[in-house]
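Welcome! Here is a short briefing to read alongside the sequence and the 3D view.

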Amino acid sequence: MLKEIIISIQAYGAAHRFIKAHKLWKWIIVPGFLYMLLFVTGMYFFSQSVNNAIEWIALNTGLKRWLDTLDNGFLGFIFTMGSMLLWILLMLFYFSLFKFLFLIIGSPLFAYLSEKTEAILENKDFPFNTQQFVKDIIRGVQLAIRNSLWQTVYVLSIIFLSLIPLLGWLTPFLAMIVECYYYGFSMLDYSMERHKKSASESIAFVAAHKGLAIGNGVVFYLFHLLPIIGWILAPAYAVVAATLSIYPLKKEALEKIQNNNG
């Protein structure tokens, strides 16, 4: 899996060179600005609500009153650290819901960008079929909803773990891995749907190549450390990088089939 994570991370460098060489900037900037606007708006509402949510939990569970009566500095430190961890987990949970909403909205454009990337790689055009394109969008939306539900289950479970002292300190890392996996999953699936793979086949493929999904998601999230530019480039770069990382596997599969037939 580590090898696939490295391949997926390196694919971002290849994606930048690919986009630059083939002048795909308009397909990068348009969804990028949309994503940036939604991201800034979503994070604003998150910051307005999360502190109130943590305070509500502390007051209604009686935890804050209990700590005040003990007047124990160490327990106060644990409570502060727990609050910070819970803040991070709630941010990841909030961001995951926002992320899948954007994937649903941007699905048509991302599907086209992935198709265009492979068309350039193979030096041929994929004939545009409106009916098939609509089917692919519906399938992508259904898979995004399915992934968001499963990710919600995992993240909520991790949030409950975060309430356990000491053990809870590992939960942001676990939540981040889950986030990266499911985002990379969505990026890889654009290639899967173009090759008429069913949702179950796509799920099985990504499960067998978890490293490609995790690596793609890791770099996508690292892009967010670079304000404005990173937010604009992150989603479309992830699509192109996922397509480039999965393409060698497709060629390898075709070569095996040809060798078997020969």
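**A helix on the inside**

Helix α6 is largely enclosed by the rest of the structure, because 20 of its 24 residues are buried (buried means under 20% relative accessible area, with a 1.4 Å probe and protein chains only). Helices here are DSSP runs of H or I with at least four residues, and strands are E runs of at least two, numbered from the N terminus. This is a predicted model, where local features need pLDDT of at least 70, side-chain atom pairs count only at pLDDT 80 or more, and totals for chains, interfaces and linings use all residues. Residues are numbered from 1 along each chain as its sequence is written, and side-chain values use heavy atoms, leaving out hydrogens and water.

**The whole chain**

- The protein chain has nine helices and zero strands.
- Buried residues account for 45% of its 262 residues.

**The course of α6**

- A kink of about 30° in α6 is centred on Leu-188; the bend is the angle between axes fitted to the seven residues ending there and the seven starting there.
- After α6 comes Lys-196, with a positive phi near 60°.

**α6 meets α8**

- The axes (lines fitted to C-alpha atoms over the stretch in contact, with angles from 0 to 180 degrees between N-to-C directions) of α6 (residues 171–194) and α8 (residues 210–222) come within 6 Å and cross at roughly 105°.
- That makes α6 roughly perpendicular to α8, a term for angles of 65 to 115 degrees.
- Residues in this contact (heavy atoms within 4.5 Å) include Met-176 and Phe-185 of α6 and Leu-212 and Phe-220 of α8.

Conventions. Angles under 35 degrees count as roughly parallel, over 145 as roughly antiparallel, 65 to 115 as roughly perpendicular and the rest as oblique. Buried means under 20% relative accessible area, exposed over 50%, partly exposed in between (1.4 Å probe, protein chains only).
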